[in-house]
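Please keep the structure open while going through them.

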Amino acid sequence: MTGKKIIAASRKPKQRKLEDARTRGVFMRAIGLLLSAKDAAYVAGVDPSKVSLEKKRDITFAEEMAKRRAVAKQTLVSKVFEAASGEFYDKAGNKLPPDWRAAAWLLERLFFEDFGKRDPDAVTA
């Protein structure tokens with residue numbers, strides 16, 4: 001025997017707690033990247049079922065999750081607006097022309113009833 005420990009396959013890894021500042025930071029960074037709460041829990045090493053319990057127990061936790069998601073969404077939407085208005089630059093620093101497709105894409109998704117793609121056979125009134 002080489003002296004190495006053998007871990008039984010049935011043994012579960014130790015779950016981290018959301019109360020731990022480091023674990024919470026990892027979780028919140030994942031939320032800020034728009035991962036689902038379940039995926040963010042896995043990344044942080046937390047039992048996903050504990051997330052909803054923590055949201056109910058700690059209102060600041062729920063608020064921070066919502067804020068991180070909102071900031072990430074704002075960042076992505078602003079990138080689309082920049083592309084649509086011609087505020088993008090290539091790697092050489094040259095300003096790129098506005099891209100109408102970015103604006104069309106955003107309109108289709110935000111205002112689907114008015115700008116969403118329709119079935120060619122659909123009749124509108």
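1. In which loop is F111 found? This is a predicted model, and in it F111 is found in the loop between α5 (100-110) and α6 (112-115). F111 is partly exposed, with a relative accessible area of 44%, a value that lies between the 20% under which a residue counts as buried and the 50% over which a residue counts as exposed.

2. F111 also belongs to a nonpolar patch on the surface, which F111 forms with L107, L110 and F115. Together these residues have about 380 Å² of accessible area.

3. As for the overall architecture, the secondary structure of the protein chain comes to 6 helices and 0 strands, so that the pattern read along the sequence is α-α-α-α-α-α, with helices taken as DSSP runs of at least four residues. Buried residues make up 22% of the 125 residues in the protein chain. The accessible surface comes to about 10200 Å², and 58% of that surface belongs to carbon and sulfur atoms. Among the contacts with a separation of 6 or more, 42% are accounted for by residues 24 or more positions apart.

4. Two packed helices are described by the angle between their axes and the distance between the axes. Helix α1 (residues 21-32) and helix α4 (residues 59-85) pack at an angle of about 35°, and their axes are 8 Å apart. On the α1 side, R24, F27, M28, R29, I31 and G32 take part in the contact, where they meet F61, E64, M65, R68, R69 and A72 in α4. By class, this contact has 6 nonpolar, 1 polar and 5 charged residues.

5. The backbone at L34 deserves a look during review. L34 is found in the loop between α1 and α2 (37-44), and has a positive phi of about 70° although it is not a glycine. Most residues other than glycine have a negative phi.

6. Which residue lies 12 residues along the chain from S85, with the C-alpha atoms separated by 7.9 Å? That residue is P97. The place of S85 is in helix α4, and S85 is partly exposed, with a relative accessible area of 42%.

Notes. Residues are numbered from 1 along each chain as its sequence is written. This is a predicted model: local features need pLDDT of at least 70, side-chain atom pairs count only at pLDDT 80 or more; totals for chains, interfaces and linings use all residues. Side-chain values use heavy atoms; hydrogens and water are left out. Patches are made of residues with over 30% relative accessible area and no salt bridge: like charges are joined within 9 Å, nonpolar side chains (Val, Leu, Ile, Met, Phe, Trp, Tyr) within 5 Å. Accessible areas come from the Shrake-Rupley method with a 1.4 Å probe; for residues, only the protein chains shown count as cover. A salt bridge is a side-chain nitrogen of Lys or Arg within 4 Å of a carboxyl oxygen of Asp or Glu. Helices (H or I, at least four residues) and strands (E, at least two) are DSSP runs, numbered from the N terminus. Buried means under 20% relative accessible area, exposed over 50%, partly exposed in between (1.4 Å probe, protein chains only). Axes are lines fitted to C-alpha atoms, for helices over the stretch in contact, and angles run from 0 to 180 degrees between N-to-C directions. Contact means heavy atoms within 4.5 Å. Ala, Val, Leu, Ile, Met, Phe, Trp, Tyr, Cys and Pro count as nonpolar, Asp, Glu, Lys and Arg as charged, and the others, Gly among them, as polar.
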